[in-house]
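Grab your viewer and let's work through a few exercises. Each one sets a task and then walks through the solution.

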Amino acid sequence: MAIPSPETGLVISYAYLWHHERQAGQEEGRKNRPSVIVLTVERPKDGATLVTVLPITHSAPAIPEAAVEMPVAVKKHLGLDDARSWVMVHEGNEFVWPGYDLVKIPRTERYDYGFLPPRFFKQVLDAFIAYHRTGKGRRTPRD
């Protein structure tokens, strides 16, 4: 399957690099994980698309405002497992689409799980914006 167009709300398979891993000197994510595209911007100088993705994890957040828990129905819609999961809104990775860290979902030819339902995506986006307005949000460049 072809690499999908980068659209907000799309959940991709991505080798996410956590901010603390980057701070420790790592350059590659240790694990491929579902990550949701929350921002896409066309770079004026060359027309490249810059993307910001947020990681989805089974680890509960230490700070409740730093994440949005995924409803079971949304996880089922995306084909994810039924364990509790959160979209972490306190940090994201930024890269030029499609980047080196977009990976196929195991045992498939797809790079994406599908789209978050619009109402849930709005909840994630609103939480992302609110957290970053506090000045505590982090975005890790991957290029």
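**Exercise 1.** Which residues does V124 touch, not counting residues up to four places away in sequence?

*Solution.* Start with the ground rules: this is a predicted model, where local features need pLDDT of at least 70, side-chain atom pairs count only at pLDDT 80 or more, and totals for chains, interfaces and linings use all residues. Residues are numbered from 1 along each chain as its sequence is written, and side-chain values use heavy atoms, with hydrogens and water left out.

Now look for contacts (heavy atoms within 4.5 Å). With those sequence neighbours set aside, V124 touches V38, L54, V68, V87, V89 and L116.

**Exercise 2.** Find the residues with the most contacts inside the largest nonpolar core.

*Solution.* A nonpolar core is a set of buried Ala, Val, Leu, Ile, Met, Phe, Trp, Tyr and Cys residues joined through side-chain atoms within 4.5 Å; buried means under 20% relative accessible area with a 1.4 Å probe, protein chains only. The largest such core has 22 residues, and M70, L116 and V124 have the most contacts inside it.

**Exercise 3.** Is K75 buried or exposed (over 50% relative accessible area), and what does its side chain reach?

*Solution.* First, K75 is buried, at a relative accessible area of 3%. Next, its side chain reaches the backbone oxygen of A83 at 2.5 Å. Finally, beyond four places in sequence, K75 touches residues including H58, M70 and D81.

**Exercise 4.** Track down what the side chain of D112 pairs with.

*Solution.* D112 is buried too, with a relative accessible area of 7%. Its side chain joins that of R110 in a polar contact of 2.7 Å (a pair of N or O atoms within 3.5 Å; within protein, one must be able to donate a hydrogen and the other to accept it, and residues adjacent in sequence count only if both atoms are side-chain atoms). A polar atom of the D112 side chain also lies 3.1 Å from the backbone nitrogen of G114.
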